[in-house]
Amino acid sequence: MVTAKARAVDGPDKSFREAEITRRELDKNDVLIEIKFAGICHSDLHTAHGDWGEVNYPLVPGHEIAGVVTDVGEDVTKYKVGDRVGVGCMVDSCGECENCKAGEEQYCLKGNVPTYAGVDKYGEPTQGGYSTHIVVVEDFVLGIPDSIPLDKAAPLLCAGITTFSPLNHWEAGPGKKVAVVGMGGLGHMAVKIAHAMGAEVTVLSQTLNKKEDGLAFGASSYYATSDDETFEKLAGTFDLIINTVSAKLDINAYLSLLTLNGTLVNVGAPAEPLEVNAFSLIPHRRSFAGSMIGGIRETQEMLDFCAEHDIAPSIEVISADEIDEAYKRVMDSDVKYRFVINISTM
Ligand code: NAP
Ligand code: ZN
């Protein structure tokens with residue numbers, strides 16, 4: 001058993017505090033990872049704040065994990081000590097249902113085991129990456145390409161795959177007009193990835209404050225959604241819209257921006273319902289869809305794609321004592337564009 005240093009939170013309105021957690025003894029297919037960096041995803045905030053329902057505290061969030069293998073179980077074949085690896089939003093699944101067999105473990109029919117705020121097959125609560133070590137079964141560990149530094153690799157494990165997967169599934173590419181709503185952690189990765197896939201990318205942000213960055217990330221245009229003229233001007237324009245906003249939006253206004261047969265994919269996960277008017281969908285055969293992270297095989301594909309296209313998140317590295325401050329800034333949409341905790345400061 002390994003004792004890991006961690007940062008935990010004890011309730012929705014509480015600050016992070018130092019904690020110690022134990023990681024299980026290595027089973028034969030397990031990998032022990034010394035965590036070097038952990039990204040802060042808005043889902044960590046939703047969970048810590050209890051937005052999505054009751055949570056068992058103390059909670060150690062973190063599902064954008066990058067580190068180095070320090071020990072392996074006797075039957076492990078995919079990784080060895082010293083390998084640079086990552087762990088994303090899930091650490092296990094049944095492996096037997098049709099979705100798992102199809103490589104879509106995130107949609108496991110028995111429910112995947114989330115990296116934190118879940119229960120593993122031993123009946124123990126899972127705790128996430130704001131910690132020095134984690135033990136994960138090798139099938140849920142990803143290899144990080146050599147050209148991607150570990151601090152920048154971390155956010156790819158959630159923000160990267162959550163945007164890559166719908167862009168891939170709905171075939172963003174040459175000749176496709178893609179809009180990204182919200183340019184935070186997920187949104188800025190969506191811009192970079194969609195651009196690398198060859199699509200024409202537009203950012204729809206609350207203001208024009210980050211326009212220069214958006215264009216540098218690969219967008220060809222950038223509009224403020226606080227300006228009503230944006231919606232008039234762009235009506236019927238996009239084949240695909242990826243909504244990454246963490247709060248409730250007027251979805252009907254965004255559906256009006258889709259072309260014939262266009263799809264709006266919601267990856268943002270606000271607690272409040274999003275109301276859809278039937279007549280926002282019917283007249284132009286539009287679709288309103290959702291998408292959750294991506295499977296393990298697709299996550300590896302995304303990492304390799306990012307290495308090949310020289311894409312990485314734009315990050316701000318913080319120390320373990322700055323998590324509360326970072327949470328405040330994420331809530332204020334003041335993030336450029338992902339906070340990443342340097343775990344060595346624990
Ligand atoms: P983030 O870094 O906080 O980015 C969200 C962005 O949304 C903000 O930067 C802001 O962009 C915009 N925004 C925030 N509040 C808004 C409001 N009231 N009205 C309009 N726009 C607003 O969050 P994130 O880490 O990218 O996560 C985004 C959402 O995706 C969260 O709900 C998270 O839980 C969810 N998520 C889902 C999955 C999945 O599998 N589906 C995976 C990971 C995360 P601008 O400043 O550009 O307007
Ligand atoms: Zn996430």
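Predicted model: local features only at pLDDT ≥ 70, side-chain atom pairs only at ≥ 80, totals over all residues.
## Two domains

The domain bounds used here come from an automatic or database domain assignment. Residues are numbered from 1 along each chain as its sequence is written, with chains lettered from A and ligands numbered from 1 in the order in which they are written.

For this protein, the assignment gives domain 1 (2–158 + 314–345) and domain 2 (160–290). Their C-alpha centres sit 27 Å apart. Where the two touch, 13 residues of domain 1 and 18 residues of domain 2 take part; contact here means heavy atoms within 4.5 Å.

How big is an interface? It's often given as the accessible area lost when the parts come together. For domain 1 and domain 2, about 1300 Å² is buried between them, 51% of it on carbon and sulfur atoms. That buried area is what two parts lose in accessible area (1.4 Å probe) on being put together, summed over both.

## Around the ligand

Now for ligand 1. It lies between domain 1 and domain 2, because both give residues to the shell around it. Of the 30 residues around ligand 1, the ones that come nearest are H42, M183, S205, K210 and R338; a residue is near if one of its heavy atoms lies within 4 Å. Sorted by class, the shell has 14 nonpolar, 14 polar and two charged residues. Nonpolar covers Ala, Val, Leu, Ile, Met, Phe, Trp, Tyr, Cys and Pro, charged means Asp, Glu, Lys and Arg, and the others, Gly among them, are polar.

Which helices supply at least two residues each to the shell? They are α1 (42–48) and α5 (185–196), and α1 gives the most, with three residues. Helices (H or I, at least four residues) and strands (E, at least two) are DSSP runs, numbered from the N terminus.

Some atoms pair up with oxygen atoms of ligand 1. A polar side-chain atom of S43 is 2.8 Å from one, a backbone N or O atom of G185 is 2.8 Å from one, and a side-chain N or O atom of Q206 is 2.9 Å from one. On its own, ligand 1 exposes 930 Å², and the protein buries 89% of that.

Most residues other than glycine have a negative phi, and most peptide bonds are trans. Here are some exceptions. Y57 and P58 are joined by a cis peptide bond, with omega about -5°, and P58 lies in the loop between α1 and β4 (65–72). K336 and Y337 are also joined by a cis bond, with omega about -15°; Y337 is in the loop between α11 (323–331) and β17 (339–342).

A117 isn't a glycine, yet its phi is positive, near 60°. You'll find A117 in the loop between β7 (113–114) and β8 (133–137).

Notes: Heavy atoms only, no water. Polar contact = N/O pair within 3.5 Å; in protein donor to acceptor, adjacent residues only side chain to side chain. Areas by Shrake-Rupley, 256 points an atom, 1.4 Å probe, with all protein chains shown as cover.
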